Amino acid sequence: MDTLDEIALTGLTVFGRHGVYDHERENGQEFTIDLRLSMSLAQAAASDDVADTVHYGELAEKVAAVVAGEPVDLIETLASRIADVALEDRRVQHTTVTVHKPHAPIALTFSDVAVTVRRSRRAAEPEDITA
């Protein structure tokens, strides 16, 4: 197996309407997403072709659509949905997603609230092998 390299997309800021309180859904707020993908980048490095890697611009658009899309109560749920999007590309073996909610409704001074999920492709999933 090739070694796993990493693609990182950090600081993607998107307006969404997630939260358990009505005012969070009505008013919305900005969420910041950090995303890491573990996969082999050897083929992309050798070919110098974007088709041989995850197109991070297209991935950013997909992630933004999730954040701007259907509201959820918990950022844990949001992070899990984003991880599912990252793992849609079968070349991605592992992903780490952090959702930051810096404007969370906490009546104390704080700089950020964040949830991080780590997901891996299940070993039982068949590889895309052509005979």
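Helices (H or I, at least four residues) and strands (E, at least two) are DSSP runs, numbered from the N terminus. The model is predicted, so local features need pLDDT of at least 70 and side-chain atom pairs count only at pLDDT 80 or more, while totals for chains, interfaces and linings use all residues. Residues are numbered from 1 along each chain as its sequence is written, and side-chain values use heavy atoms, with hydrogens and water left out.

**Exercise 1.** Find out which helices supply at least two residues each to the lining of the second largest pocket.

Solution. Start with the term: on a 1 Å grid over the protein atoms alone, a pocket is an open set of points where a 1.4 Å probe fits, with protein on both sides within 12 Å along at least five of seven lines, and lining residues have an atom within 4 Å of a point.

Next, the space: the second largest pocket holds about 210 Å³, a volume being the space filled by probe spheres set on the points, which are joined across faces, edges and corners. Its lining has 15 residues, and V54, H55, E58, K62 and D89 are the closest to the centre.

Now the helices: helix 3 (56-68) and helix 4 (75-86) are the ones you want. Helix 3 gives the most, with three residues.

**Exercise 2.** Decide whether E24 and K101 are buried or exposed.

Solution. Begin with the contact: E24 and K101 form a salt bridge, with their closest N and O atoms 2.6 Å apart. E24 belongs to helix 1 (residues 22-27) and K101 to the loop between strand 3 (94-100) and strand 4 (114-120), so this pair ties together parts 77 residues apart in sequence.

Then apply the cut-offs: buried means under 20% relative accessible area, exposed over 50%, and partly exposed in between (1.4 Å probe, protein chains only). Both E24 and K101 are buried.

For contrast, go back to Exercise 2: R36 is partly exposed at 37%, and E6 is partly exposed at 44%.

Terms used:
Salt bridge = Lys/Arg side-chain N within 4 Å of Asp/Glu carboxyl O.
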